[in-house]
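Dear colleague,

Please find below the sequence and the structure for your review. My notes on what was found in it follow directly after.

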Amino acid sequence: MAQSARSASVYFGKNVNRTRRRGMIRGAVRVIVLLVIVGIVLTPFYISLLYSIKSHSDISLNRLAWPEEPTLDNYSRVIQENKYVAIGFKNSILTTIPTTLILLFTTSMASYVLARYNSRFYKVMYSLFISGVLVPFQCIMLPLYVNIYNMGLASTNLGFILARSGFQVSISVLAVTGFVKGIPRDLEQAANIDGCGRFRTFWQIVFPLMTPINVTQLVLNTLFVWNDYSTAVVLLRDDTSRTLPLAQIIYFGENMTELNLAFAFFMLSMLPILILYLCTQRFIVAGIMSGAVKG
């Protein structure tokens with residue numbers, strides 16, 4: 001009996017040690033993978049910050065080394081010498097805010113209807129909405145400009161707002177519809193019993209529950225519109241209508257590229273989006289995960 005008990009304890013001890021070693025190996029692999037991912041994500045930010053505090057000659061001598069004398073002159077030169085900085089910030093704000101608000105309210109209402117009605121008509125409409133994700137911008141670039149020009153909206157903020165809102169509808173409807181399907185119908189039924197109509201039920205019951213996905217689409221749409229270059233370069237032809245991505249072009253010429261000024265400009269234009277993300281990050285992950293649960 002004693003020998004068998006001793007053998008059993010040795011056997012279980014080996015199993016425990018083996019399991020512990022496997023757990024340690026898995027933990028080490030997980031840490032290594034996470035460090036690699038963090039490195040991949042942070043490398044562009046490091047390069048951007050590095051180039052923005054180096055002189056043009058320092059970048060030419062050693063691109064990735066930390067400068068011996070970091071300088072903020074690039075930021076002051078961008079603000080003082082680039083006349084399109086103020087214009088770019090103004091136009092980016094005047095186009096980004098209306099576009100994100102239009103998408104916030106229209107896609108929320110459309111997604112609610114598409115999620116709550118299961119007839120063939122609404123299924124077809126949902127398919128049409130999300131099929132826009134598959135259309136490349138290059139396929140509609142020319143007809144888009146022709147239509148905007150014929151409407152008299154070329155090189156205007158309104159023309160850019162209408163075009164960019166249309167491009168973002170598909171991905172927003174796809175995410176928000178999946179989130180709405182996860183909201184219990186019991187809440188709406190209780191509201192109907194209390195005398196709330198469909199319109200009031202949506203705005204007072206459903207819409208507040210959509211806060212995580214609405215904040216998510218607000219941040220993502222702000223990011224896409226703020227950084228948009230393709231649509232802006234097609235529609236905004238005048239100097240006075242330039243957004244921030246177009247204002248950065250002057251640093252890339254035929255004979256010379258001023259990377260130090262370009263990255264300083266990039267860091268300045270990134271600050272509003274970074275602040276917005278840091279203020280709303282707790283909603284973003286919840287919104288993306290909830291929107292992906294059901295489709």
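One aromatic cluster is formed by Phe105, Tyr112, Phe199, Phe202, Trp203 and Phe207. Please bear in mind throughout that this is a predicted model. The structure holds 14 aromatic pairs. Among them is the pair of Trp203 and Phe207, which is tilted, with 5.0 Å from centre to centre and 55 degrees between the planes. The angle qualifies as tilted because stacked planes are under 30 degrees apart and edge-to-face planes over 60. Both Trp203 and Phe207 belong to helix α9 (residues 198–209), where they are four residues apart, about one turn of the helix. Trp203 counts as partly exposed because its relative accessibility is 26%, while Phe207, at 17%, counts as buried.

The charged end of Arg242 sits over the ring of Tyr84, 4.2 Å from its centre. In the other case, the charged end of Lys181 sits over the ring of Tyr126, at 5.5 Å from the ring centre.

As to the overall architecture, the protein has 13 helices and zero strands. Buried residues account for 34% of its 295 residues. Of the contacts between residues at least 6 apart in sequence, 73% join residues at least 24 apart. The protein exposes about 17,900 Å², and carbon and sulfur atoms supply 67% of that area.

I turn now to the charged pairs. Side chains of opposite charge can pair when their charged atoms come close.

Glu258 counts as partly exposed at 23% relative accessibility, and Arg77 counts as partly exposed at 31%.

Asp228 lies in the loop between α10 (211–226) and α11 (230–235), and Arg164 lies in helix α7 (residues 157–180), so the pair ties together parts that are 64 residues apart in sequence. Both Asp228 and Arg164 are buried.

Glu188 counts as buried, at 5% relative accessibility, whereas Arg198 is partly exposed, with a relative accessible area of 44%. Salt bridges that share partners also join Arg77, Glu81 and Glu258 into one network.

Arg116 is placed in helix α4 (residues 84–116) and is buried, with a relative accessible area of 8%. Apart from its neighbours within four places in sequence, Arg116 is in contact with Val180, Lys181, Ile183, Pro184, Arg185 and Glu188. Lys181 is also the residue whose charged end sits over the ring of Tyr126.

Helix α1 (residues 2–52) contains Leu42, and Leu50 lies in helix α1 as well. Leu42 contributes to a nonpolar surface patch of about 790 Å², made together with Ile25, Val29, Val33, Leu34, Ile37, Val38, Val41 and Phe45. Leu50, leaving aside its neighbours within four places in sequence, is in contact with Arg63, Leu64, Ala65, Trp66 and Pro67. The C-alpha atoms of Leu50 and Asn260 are separated by 8.8 Å, although these residues are 210 residues apart along the chain.

With kind regards

Technical notes
Residues numbered from 1 in each chain as written. Predicted model: local features only at pLDDT ≥ 70, side-chain atom pairs only at ≥ 80, totals over all residues. Heavy atoms only, no water. Phe/Tyr/Trp six-rings, centres within 6.5 Å; stacked < 30°, edge-to-face > 60°. Helix = DSSP H or I, 4+ residues; strand = E, 2+ residues; numbered from the N terminus. Buried < 20%, exposed > 50% of the residue type's maximum accessible area, 1.4 Å probe, protein only. Lys NZ or Arg CZ within 6 Å of the ring centre and 35° of its normal. Patch = residues over 30% accessible without salt bridge, like charges linked within 9 Å, V, L, I, M, F, W, Y side chains within 5 Å. Areas by Shrake-Rupley, 256 points an atom, 1.4 Å probe, with all protein chains shown as cover. Salt bridge = Lys/Arg side-chain N within 4 Å of Asp/Glu carboxyl O. Contact = heavy atoms within 4.5 Å.
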